[in-house]
Amino acid sequence: MHTVLCGHAEHSIEEMVAALEASTLVGGVITEHLPLPDEVDSDRVVSMYPGELPSYVGALQILRERSVLGADLVIGAEADWLDTDPAWTADSVAAARGAGVEVVLGSVHMLDGWAFDDPERVQVWDTKDVEEVWEQYFSVWCAAASSGLFDVMSHPDLPKKFGHRPRDPRPYYEQAAKVAGEAGLLCEVSTAGLRRPCAELYPAPAFIAELVRRGVDFTLASDAHSKAEIGHRFADAAAALLAAGVTRQAFPKGDGFIDWLKLE
Ligand SMILES: [Zn+2]
Ligand SMILES: [Zn+2]
């Protein structure tokens with residue numbers, strides 16, 4: 001879940017927490033986008049300002065003390081894996097954990113500085129070979145997943161967002177699932193994909209099946225950028241997991257601690 005701090009979501013931390021409290025969910029993880037380098041996000045439209053990290057964490061700590069959710073309100077963040085500067089990502093995640101962030105999502109939104117999921121840069125796809133983008137993406141994704149920096153990998157087949165798909169995605173699923181399994185990572189099942197042109201969960205059902213085969217467990221994510229999106233179509237995500245033989249959902253609480261929720 002995201003807040004106005006990242007520059008492209010609708011509601012404040014307080015509003016998102018209040019909406020979470022009012023929802024039927026047992027709790028959740030607020031996962032604001034960690035600051036990106038100035039040259040990547042000069043207008044601050046995809047990530048919080050670098051100086052905002054302590055106040056972001058502090059606000060959530062205070063809200064948690066007062067909240068009926070208690071420990072079920074988890075302080076998280078979404079980190080960008082920068083393929084051009086992985087050390088930057090490592091420093092960023094270390095700073096976040098040092099500031100009190102408990103759960104870190106690992107995301108690949110950029111390849112060589114191209115934000116391939118940005119609607120304003122979608123035309124760049126026309127100059128690319130889809131197969132090559134997928135190949136590059138999954139090679140970068142696997143480097144991210146094996147970095148040891150993250151607790152959960154978000155939207156793992158993001159390049160399909162606008163409908164750009166390779167002839168046969170299965171080798172990419174196999175490659176990624178093997179790395180995620182060996183790294184002991186959790187993976188999101190995100191309903192955000194259902195709201196995009198691809199109209200499909202991230203990851204796709206065949207990708208979920210491959211992750212299951214490698215022993216990977218899953219979180220449920222709506223990637224909410226507004227109150228209304230909190231828990232959006234979780235029943236569909238749960239149904240996809242149940243169809244793959246998965247009967248439990250991971251709710252990471254930080255320090256590697258996970259609550260297991262029964263899916264039904
Ligand atoms: Zn976002
Ligand atoms: Zn993301």
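# Close-up views of a predicted model

View 1. Pro-203 has its place in the loop that runs between strand S7 (186-190) and helix H6 (205-213). In this model, which is predicted rather than determined by experiment, the peptide bond that joins Tyr-202 and Pro-203 is cis, with an omega of about -10°. As background to this view and to the next one, most peptide bonds are trans, and most residues other than glycine have a negative phi.

**View 2. Two arginines with positive phi.** Arg-44, which lies in the loop between S1 and H2, has a phi near 50°, a positive value in a residue other than glycine. Arg-44 counts as partly exposed because 17 C-beta neighbours lie inside 10 Å, a number that falls between the limit of 12 or fewer for an exposed residue and that of 20 or more for a buried one. Arg-233 likewise is not a glycine and has a positive phi, of about 50°; its place is in the loop between strand S8 (217-221) and helix H7 (234-243). With 16 other C-beta atoms within 10 Å, Arg-233 is partly exposed.

View 3. Once its neighbours within four places in sequence are left aside, the residues in contact with Leu-34 are Ser-47, Met-48, Ala-77, Glu-78, Ala-79, Ser-92 and Ala-96. Tyr-49, which is 15 residues from Leu-34 along the chain, has its C-alpha atom separated from that of Leu-34 by 8.2 Å.

View 4. Helix H2 (residues 53-66) has 14 residues and reaches 21 Å from its first C-alpha to its last, which is close to the 20 Å expected at 1.5 Å a residue. The residues Leu-53, Tyr-56, Val-57, Leu-60 and Leu-63 of H2 are buried. These residues lie on the same side of H2 because they cover an arc of only 125° around the axis. The face of the helix that is turned away from this buried side carries Pro-54, Gln-61, Ile-62, Glu-65 and Arg-66, which are exposed. Among the elements that cover the buried residues of H2 are helix H1 (13-22), strand S1 (28-33), strand S2 (73-80) and H3.

**View 5. The packing of H2 against H3.** Two packed helices are described by the angle between their axes and the distance between the axes. Helix H2 and helix H3 (residues 86-99) pack at an angle of about 35°, and their axes are 9 Å apart; the crossing in which H2 passes H3 is right-handed. On the H2 side the contact is made by Leu-53, Pro-54 and Val-57, and on the H3 side by Ala-95, Ala-96 and Ala-99. Sorted by class, this contact of H2 with H3 has six nonpolar residues, with no polar and no charged ones.

**View 6. The packing of H1 against H2.** The angle at which H1 and H2 pack is about 35°, with 10 Å between their axes, and H1 passes H2 in a right-handed crossing. Ile-13, Glu-14 and Val-17 of H1 make the contact with Ala-59, Leu-60 and Leu-63 of H2. By class, the contact of H1 with H2 has five nonpolar residues, no polar residues and one charged residue.

**View 7. The buried side of helix H4.** Helix H4 (residues 130-145) has 16 residues and reaches 22 Å from its first C-alpha to its last, close to the 22 Å that is expected at 1.5 Å a residue. Within H4, the buried residues include Trp-134, Tyr-137, Phe-138, Trp-141, Ala-144 and Ala-145. They cover an arc of only 115° around the axis, and therefore lie on the same side of H4. What covers the buried residues of H4 includes strand S3 (103-107), strand S4 (110-111), strand S6 (152-153) and helix H5 (170-183).

**View 8. Gly-184 in the loop between H5 and S7.** Gly-184 has its place in the loop between H5 and S7, and it is exposed, with 12 other C-beta atoms within 10 Å. From C-alpha to C-alpha, Gly-184 and Asp-83 are 21 Å apart in space, and they are 101 residues apart in sequence.

Technical notes
Residues are numbered from 1 along each chain as its sequence is written. Chains are lettered from A and ligands numbered from 1 in the order in which they are written. This is a predicted model: local features need pLDDT of at least 70, side-chain atom pairs count only at pLDDT 80 or more; totals for chains, interfaces and linings use all residues. Helices (H or I, at least four residues) and strands (E, at least two) are DSSP runs, numbered from the N terminus. The expected span of a helix is 1.5 Å times one less than its number of residues. The arc is that of the directions from the helix axis to the C-beta atoms. Two residues are in contact if their C-beta atoms, placed from the backbone, lie within 7 Å. Axes are lines fitted to C-alpha atoms, for helices over the stretch in contact, and angles run from 0 to 180 degrees between N-to-C directions. A crossing is left-handed if the near helix is turned anticlockwise from the far one by less than a right angle, and right-handed if clockwise. Ala, Val, Leu, Ile, Met, Phe, Trp, Tyr, Cys and Pro count as nonpolar, Asp, Glu, Lys and Arg as charged, and the others, Gly among them, as polar.
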